[in-house]
Amino acid sequence: MCIKLCKPKRVKLKDGRTALLRRPEKKDVRQLLDFINALVDEDVMILMNKRTTLKDERKWLKDALDNIRKGTLHYVVAELDGRIVGSCSIKKGKWRESHVAEYAISVLADCRRLGIATVLSKYILAVGKKDKSIKLIMLQVYAANKKAKALYEKLGFREVARLPKRIQYKGKLMDEFVMDLKR
Ligand SMILES: CC(C)(COP(=O)(O)OP(=O)(O)OC[C@H]1O[C@@H](n2cnc3c(N)ncnc32)[C@H](O)[C@@H]1OP(=O)(O)O)[C@@H](O)C(=O)NCCC(=O)NCCS
């Protein structure tokens, strides 16, 4: 499904450069490893807080590519000047939640505020709309992640729940919001 729906696309960024939005491939493993480890080192507000290894990243990417083939994952990366600088996905739930897809986004620090998250998100949400098995797209975001929340509201997500003390972040317990995309 993602194979048919996620066609490569070139987009102009705010600084005039062109990024390529495309599906990840097996050969991207080292770049994806650098990508996730840079976010972990920065201590951004994502679930993962431990650096990963090439071996684990290979396994993770193999599973992701399998899920893309099975149609349970739509996943695109943004490539800028030959480097993967952004990642965006929607992953379908299982069984009685197979109509629900969870969206996730991240962009490397030195490439933020160029509009990459916006173009990646619009791309993947349009794919989600074409996938008729998806009835609801949702996300989870830390209450303190104001930048991400502002992005999500612009994209049409609305807060539907606040989960108290759901996340450990910098030694404190933090609330998390659940947001649904209004269709
Ligand atoms: C949140 C994140 C994905 C935004 O990526 P980005 O490529 O910089 O976003 P864009 O340039 O497309 O900006 C989109 C909107 O997000 C909001 N935003 C992004 N950065 C912001 C900032 N520093 N301050 C305030 N709002 C911000 C704004 O509403 C912005 O729209 P605008 O440019 O019209 O003001 C990026 O900061 C990131 O990856 N952060 C670390 C990982 C993370 O938090 N992921 C989300 C986990 S839930």
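**Exercise 1.** Which of the 20 residues around the ligand come nearest?

*Solution.* The model is predicted: local features need pLDDT of at least 70, side-chain atom pairs count only at pLDDT 80 or more, and totals for chains, interfaces and linings use all residues. Residues are numbered from 1 along each chain as its sequence is written.
Step 1. Apply the cut-off: a residue is near a molecule or strand if its C-beta atom, placed from the backbone, lies within 6 Å of it.
Step 2. Read off the nearest residues, which are R112, A117, T118, A150 and L151.

**Exercise 2.** Find the elements and residue classes that form the shell.

*Solution.* Step 1. Helices (H or I, at least four residues) and strands (E, at least two) are DSSP runs, numbered from the N terminus.
Step 2. Two or more shell residues come from each of β5 (100–107), α4 (116–130) and α5 (146–155).
Step 3. The most come from α5, which gives five residues.
Step 4. Sort by class: Ala, Val, Leu, Ile, Met, Phe, Trp, Tyr, Cys and Pro are nonpolar, Asp, Glu, Lys and Arg are charged, and the others, Gly among them, are polar. The shell then holds 12 nonpolar, four polar and four charged residues.

**Exercise 3.** Describe the sheet.

*Solution.* Step 1. Two strands pair if DSSP finds at least two bridges between them.
Step 2. The eight strands form an open sheet with mixed pairing, in the order β1-β2-β3-β4-β5-β6-β8-β7.
Step 3. Its edge strands, β1 (9–12) and β7 (157–169), each pair on one side only.
Step 4. Strand β7 runs antiparallel to β8 (residues 172–181), with nine bridges between them. Q168 has L173 in β8 as its bridge partner.
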